[in-house]
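Have a look at the model first, then work through the tasks one by one.

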Amino acid sequence: MKQPAIQIPEGVHEVLLHACCAPCSSAIVEWLVQHDIRPIIYYYNPNIWPREEYNIRKEESKRHAESLGIRWIDGDYDHERWRQGVCGLEGEPERGRRCEQCFTLRLTAAARKAQELGIPFFATTLASSRWKSLEQINRAGLLAEERINQQSSNFRLHFWPQNWRKGGLQERRNQLLREYEFYNQQYCGCEFSAGQGSDDAPLTKPLLRQQMREAKRQHQDQLAQMSADICQRLLTSHLSFPSSARLPVAFPLTILCYWPLPDEVDIRPLIAELVAAGKHVVLPRVTGDDSMELRCYTSEADLCEGAFHIMEPTGALFDDYDAIDVALIPGMAFDAAGHRLGRGRGYYDRFLVQHPLRHTIGVCFPFQRVPQVPSDAHDILVHEVI
């Protein structure tokens, strides 16, 4: 007789469910509820980097749980402790020893939380990902079970080693992802794995651009508020009086900005405030020889549609590059080292090679901060990323 795709352990009525993200949790939570098993979601993922990526995933998981009236518990985010836990394994490939150690650290924390709450069963949504090794996950869960049971004589904890990809849950996951409009991350979260794409293929620039376009689509309703928050942060910490002590000038007077495309951080309100405050704003303009020049900007009357349907300045030519105090540079993705992924035409890279600027700031949405941007020798780094 063929066994069912999902087998329920005897005596389970409640389970602590370690959740890696909302998309992976959604179909599992639905299935548990339909089978009269009460899930308590435990979100513990200190492997996720950068912090902005962690916050997005955490809030999506919380939003999903709250929509269903399910208890949701926030685990600590201690990325440095996680880094110490996988120290020496940074160069391991996906599904290598680093992954198993990562699973063990996270599931041991989940097992400890289940013991604290007196819940005898725990499971993990990690077992729903086809990119992860189910054998590694099960070994990590059983090791966590053993560790807790060795510490307690009056409480028995059980890991539920279930393959959550079966029973139609993978298909249902994809349906719920669209229904809830979840943020669908493009890598597991680990800074050491983000340099790889699906099936362990190297993450190329075209693939990362594709991923960022999809991420923008997922966040379409949030882009305006994100833009407003970024503008406020730039204005208060970098472009106001006094400016950040990190900048090499008392306060910025001349600022290179960009006129945003619809899918870029909208800094138009910021530009208006800078002009009103008496700052000297310059904008880039594409010339016929595939290079950029700078033009002065005083109001939207100085703009006309230029190359690639981008609004470009028509003001006076500006070539006093040493006078530029701060340059705001858009991009498709940035990493902590300052590597920038552009749209592929190389305008900013060629310009910055010819005219190195005093202080460049990469401007992007939080989800455009990635652990590693594929780079070439000719790529120019920005000094910091906002």
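Rings of Phe, Tyr and Trp (its six-membered ring) count as a pair if their centres lie within 6.5 Å; planes under 30 degrees apart make the pair stacked, over 60 edge-to-face, and the rest tilted. The model is predicted, so local features need pLDDT of at least 70 and side-chain atom pairs pLDDT 80 or more, while totals for chains, interfaces and linings use all residues. Residues are numbered from 1 along each chain as its sequence is written, and side-chain values use heavy atoms, with hydrogens and water left out.

**Exercise 1. Classify the pair of Tyr 180 and Phe 182, and say how accessible each residue is.**

Step 1: A search of the whole structure gives 11 aromatic pairs. In one of them, the ring centres of Tyr 180 and Phe 182 are 4.9 Å apart and the planes meet at 5°, so this pair is stacked.

Step 2: Buried means under 20% relative accessible area, exposed over 50%, and partly exposed in between (1.4 Å probe, protein chains only). Tyr 180, at 23%, is therefore partly exposed. Phe 182, at 0%, is buried.

**Exercise 2. Which parts does the pair of Trp 259 and Tyr 297 tie together?**

Step 1: Trp 259 and Tyr 297 make a tilted pair, with 5.6 Å from centre to centre and 40° between the planes.

Step 2: Helices (H or I, at least four residues) and strands (E, at least two) are DSSP runs, numbered from the N terminus. Trp 259 is in the loop between β6 (254-256) and α9 (268-276) and Tyr 297 is in strand β8, so the pair ties together parts 38 residues apart in sequence. Both Trp 259 and Tyr 297 are buried.

**Exercise 3. Describe the second largest cavity by its volume and lining.**

Step 1: On a 1 Å grid over the protein atoms alone, a cavity is a set of points where a 1.4 Å probe fits but cannot get out; lining residues have an atom within 4 Å of a point. Grid points are joined across faces, edges and corners, and a volume is the space filled by probe spheres set on the points.

Step 2: The whole structure has 2 cavities of 30 Å³ or more. The second largest cavity holds about 30 Å³.

Step 3: Its lining includes Cys 24, Trp 164 and Arg 173. Helices α1 (22-34) and α6 (169-180) each supply at least two of the lining residues.

Notes: 1 Å grid on protein atoms, 1.4 Å probe; cavity = no way out; pocket = protein on both sides within 12 Å on 5 of 7 lines; lining within 4 Å.
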